[in-house]
Each structure stands twice: as structure tokens, then as C-alpha cells.
Amino acid sequence: TDVIWKLLNFIKPLIQGITGDVEDSYEFEENQNQVAKIPHIVDCKDPSSQFQAIMAIKTSFVKGGATRMKYTIPSVVWALYRLTKKTVNEDFSEGSAPGEQAKISIAQIMDTAYQTIDLITPTCVENSLYLLMNGICTMNCLLYTSPSPRDLSTSRMPSSA
């Protein structure tokens with residue numbers, strides 16, 4: 001997370017702007033689209049560390065104000081959705097029930113995603129609705145693609161069957 005904070009401090013003028021600085025609208029939009037890529041390049045082995053890194057990015061993006069959040073916050077939400085899949089996959093690869101091994105739960109991740117969407121709802125209703133619908137799809141996908149604990153246990157059928 002320290003590396004994330006160093007990066008965010010380095011690009012602080014792009015994230016928060018400089019007082020009195022007037023940017024060309026095309027250049028502003030392009031800069032914010034570049035900044036929005038940051039949550040997608042952060043990858044930690046541990047879901048809890050990944051969550052902390054995403055939260056550090058979110059905190060920094062929120063300081064940019066509503067004009068910048070319109071571009072940057074959706075990428076934070078997408079990173080959180082991707083983290084839910086990573087958390088489920090890691091839980092099952094370790095042979096445990098969902099949420100037992102990870103320090104961060106899927107419910108916490110999704111709650112954070114929905115709270116993050118609320119930040120842009122007043123200014124970007126369509127984007128907010130799109131992100132919420134994709135959150136529902138993410139949870140639906142997790143329900144139908146995750147193996148059940150019963151699938152991980154030994155078969156009850158005799159080997160001769």
C-alpha cells in the first residue's frame with residue numbers, strides 16, 4: 001500500500017487538480033481516463049491487501065471532486081467487482097467454504113462497491129445504474145459458477161458404481 005500512496009502523491013495534480021489551473025476539456029478528460037486505469041493495474045496476491053490498495057485509490061480519487069470522480073470512481077467499482085471473483089476463487093482453491101480463509105468478505109467488498117457508486121449517483125445517474133446492474137450480474141455469476149461445499153467433499157457414491 002505504501003507504493004500505491006507514493007504513486008498517488010506523485011500524480012496528485014492529475015487526481016486533485018491545481019488551484020486556478022484551467023485545463024482544456026479534451027486534455028482533462030484524457031488525463032482522467034489515464035488516472036482511471038490505476039485500479040486495474042494494482043494486483044496483490046492477498047485479497048485483503050488488494051482491498052486496502054483499492055481503498056487507498058478510492059480515498060485519493062474522492063479528493064478530486066465530483067468533476068473528476070465521474071471518470072475515476074467507476075474504475076474503482078470495477079476493481080472491487082473483480083476482487084469479489086478473486087476472493088471466491090482463492091477461497092475455493094484452498095478448499096474452504098466461501099469467505100472463511102479470506103480476511104475480507106465478499107459482502108464487505110460489495111457493500112463498499114455500492115457505497116462507492118453512491119458517490120457519483122448525484123452527477124452520473126446513468127453510470128450509477130449501469131454499475132449497480134453489473135454488480136447484480138457479478139453476484140449472480142458468483143452464485144452460479146462457484147462450487148458448493150458439497151462439491152468439494154468426497155463423493156458418497158461407492159467406487160464400484
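**Figure 1. The crossing of helices α1 and α5 is right-handed.** A crossing is called right-handed if the near helix is turned clockwise from the far one by less than a right angle, and left-handed if anticlockwise. The model is predicted, so local features need pLDDT of at least 70 and side-chain atom pairs count only at pLDDT 80 or more, whereas totals for chains, interfaces and linings use all residues. Residues are numbered from 1 along each chain as its sequence is written, and side-chain values use heavy atoms, with hydrogens and water left out. Helices are DSSP runs (H or I, at least four residues), as strands are (E, at least two), numbered from the N terminus. The axes of α1 (residues 2-10) and α5 (residues 47-62) come within 9 Å and cross at roughly 20°. α1 is therefore roughly parallel to α5 (angles under 35 degrees count as roughly parallel, over 145 as roughly antiparallel, 65 to 115 as roughly perpendicular and the rest as oblique). Axes are lines fitted to C-alpha atoms, for helices over the stretch in contact, and angles run from 0 to 180 degrees between N-to-C directions.

**Figure 2. Residues of α1 meet residues of α5.** Ile4, Trp5 and Leu8 of α1 are in contact with Ala53, Ala56, Ile57, Thr59 and Ser60 of α5 (contact means heavy atoms within 4.5 Å). By class, six of these residues are nonpolar, two are polar and none is charged. Ala, Val, Leu, Ile, Met, Phe, Trp, Tyr, Cys and Pro count as nonpolar, Asp, Glu, Lys and Arg as charged, and the others, Gly among them, as polar.

**Figure 3. Helix α5 also packs with helix α7.** The axes of α5 and α7 (residues 106-120) lie 12 Å apart, at an angle of about 10°. The two helices are therefore roughly parallel to each other. Phe51, Met55, Lys58 and Val62 of α5 make the contact with Ile109, Thr112, Thr116 and Leu119 of α7. These residues divide into five nonpolar, two polar and one charged.

**Figure 4. Helix α5 is largely enclosed by the rest of the structure, because 12 of its 16 residues are buried.** Buried means under 20% relative accessible area, exposed over 50% and partly exposed in between (1.4 Å probe, protein chains only). Among the buried residues of α5 are Pro47, Phe51, Ile54 and Phe61.

**Figure 5. Thr138 lies in helix α8 (residues 125-145).** Thr138 has 7% relative accessibility and therefore counts as buried. Leaving aside neighbours within four places in sequence, Thr138 is in contact with Tyr81, Thr84 and Lys85.
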